[in-house]
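Here's a quick tour of ring contacts for anyone who likes looking at side-chain geometry.

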Amino acid sequence: MVVLAASILSKSGKVLVSRQFVDMSRIRIEGLLAAFPKLIGSGKQHTYVETENVRYVYQPIEALYLLLVTNKQSNILEDIDTLRLLSKLVPEYSFSLDEEGICKHAFELIFAFDEVIALGHKENVTVAQVKQYCEMESHEEKLHKLVMQSKINETKDVMKRKASEIDKSKIEKNRGDKGGFGPLQSMGSGKIESSFSDLSISSSGAGFGNGSGFGLNSDVDSFSSKPKARPPSSATAPPKGLGMKLGKSQRANQFLESLKAEGEVIVEDVQPKLGQSRPASQSLTDPITLTVEEKINVTLKRDGGVSNFDVQGTLSLQILNQEDGNIQVQVQTGENQAISFKTHPNMNKELFANESILGLKDPNRPFPTGQASDAAGVGLLKWRMQSTDESMVPLTINCWPSTSGNETYVSIEYEASSMFDLQNVVISVPLPALREAPSVKQIDGEWRYDSRNSVLEWSVLLIDNSNRSGSMEFVVPQADSSAFFPISVRFMAIETYSDLKVTNIIPLKGGNPPKFSQRTQLITENYQVI
């Protein structure tokens, strides 16, 4: 079989899409396509027309014709099979089967035709394979985008933090101009500098490095230069430019470094800055923000099966401006019949049941506004799903310990469902007490050994279609198989079981709908293999 060309034409004979598969002049192809409408007879049952040199195999699709031009020596049954496959692909890429829709998605259709027919011969492919080839998804590209987005978010956080520090310095400068305590000369700054080396600083951050002034403890009463009549609030941070730096002593830094070498995670204590009610990364920019969050609790049995599977979700609303409070939220729920939704007691239940609209019982009453009232927002809807079906579990873990001589070989494998792309996956495996880190022979991802808690952490930044399964193998001294359980898992995803989407914001006082954004995430709360 040799296919000369594949085309989509309107009933009037206008060529919308055409792809040539063999070496043939453009004039020749245009002549063959121009002759096709004249050869179609009305009322005929067959869908092919033969001329002296070529055969036209076609199929009507609403107001269009899907056409294959082949040579007369080709197998007509294979031609019809190819035509049937192409007819299934056309609605996949163009939802509206009219001239405008076909022209809008012309290039996508041409790429799809290329995957079906190569050099005039049909490839052995399915509709799903053609879509996958055309999408050309790349695991490395996804990973690069995640890393770039993370850097962008970090840069935004630094920018907001710097802006907050500038505002704080302006406030302190204004205070100093209006009056108050002067610079550190009134506190005997020369004696302070000579006494810092004698002070002991705790690793909890309660010393000088905690960001809340000097943080002097009660055990420094020998500090003779401290004014006794002055209240503690006077020991504020020194103005910038005095050339004096407060921080942890060398002894404290050495102690922290030794803890880090043992695998302990050291978190610095930072007090919130002036005028900040929440972290900068959580500050809202859109007038209305709706957050869809699902928390998953799963307990898997080490020999297979599900002991517990519970998903609880919430939809919360945050409104910045008071004038945007009189609204209703139009939502679209997914097709998961196992999920039961419950609205807030103040919501109009009938309105949600009939029209999938979330609105207050009293339409004249606005939603609460502002960020400071509730960091989590106003709860509108909650839902729950429970199941014992193992196919609903997003990530399963298989652990196979085996003893050989004085060593125990442990093979761990994960298998991820195709429902979600999982991000920041961490699989924590408890180990018996060891003198040194385990010997990791093979791993898909990265590993880290926490010697203080005797836990081996297996990290995978992203699990998608390119790595739905992965494995790790390590060796430890001889140990009982129960020492490697329970295994705990952490991850997050930007898809949810409910597939809840906010489609529209309806203003009750007229005007244009306010701008809104939706945040969606699935996070683990308690995910274990026992």
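A residue counts as buried under 20% relative accessible area, as exposed over 50%, and as partly exposed in between. Keep that cut-off in mind for the rings below. The model is a predicted one, and a search of the whole structure turns up 11 aromatic pairs.

Take Phe 36 and Tyr 56 to start. Their ring planes sit at 40° with the centres 5.6 Å apart, so this pair is tilted. Phe 36 belongs to helix α1 (residues 26-39) and Tyr 56 to strand β4 (residues 54-61), so the contact ties together parts that are 20 residues apart in sequence. Both Phe 36 and Tyr 56 are buried. They also belong to one aromatic cluster, together with Tyr 58 and Tyr 65.

Now for Phe 341 and Trp 383: the centres are 5.6 Å apart and the planes meet at 50°, so that pair is tilted. Phe 341 is in strand β11 (residues 340-343) and Trp 383 is in strand β13 (residues 378-386), so parts that are 42 residues apart in sequence get tied together. How does the burial work out here? Phe 341 has 25% relative accessibility, so it counts as partly exposed. Trp 383, at 4% relative accessibility, counts as buried.

| Charged residue | Ring | Distance from ring centre |
|---|---|---|
| Lys 11 | Tyr 65 | 5.3 Å |
| Arg 302 | Phe 485 | 4.0 Å |

Tyr 65, the ring under the charged end of Lys 11, is one of the cluster members mentioned above.

Conventions. Residues are numbered from 1 along each chain as its sequence is written. This is a predicted model: local features need pLDDT of at least 70, side-chain atom pairs count only at pLDDT 80 or more; totals for chains, interfaces and linings use all residues. Side-chain values use heavy atoms; hydrogens and water are left out. Rings of Phe, Tyr and Trp (its six-membered ring) pair if their centres lie within 6.5 Å; planes under 30 degrees apart count as stacked, over 60 as edge-to-face and the rest as tilted. Helices (H or I, at least four residues) and strands (E, at least two) are DSSP runs, numbered from the N terminus. Buried means under 20% relative accessible area, exposed over 50%, partly exposed in between (1.4 Å probe, protein chains only). A charge sits over a ring if NZ of Lys or CZ of Arg is within 6 Å of the ring centre and within 35 degrees of the ring normal.
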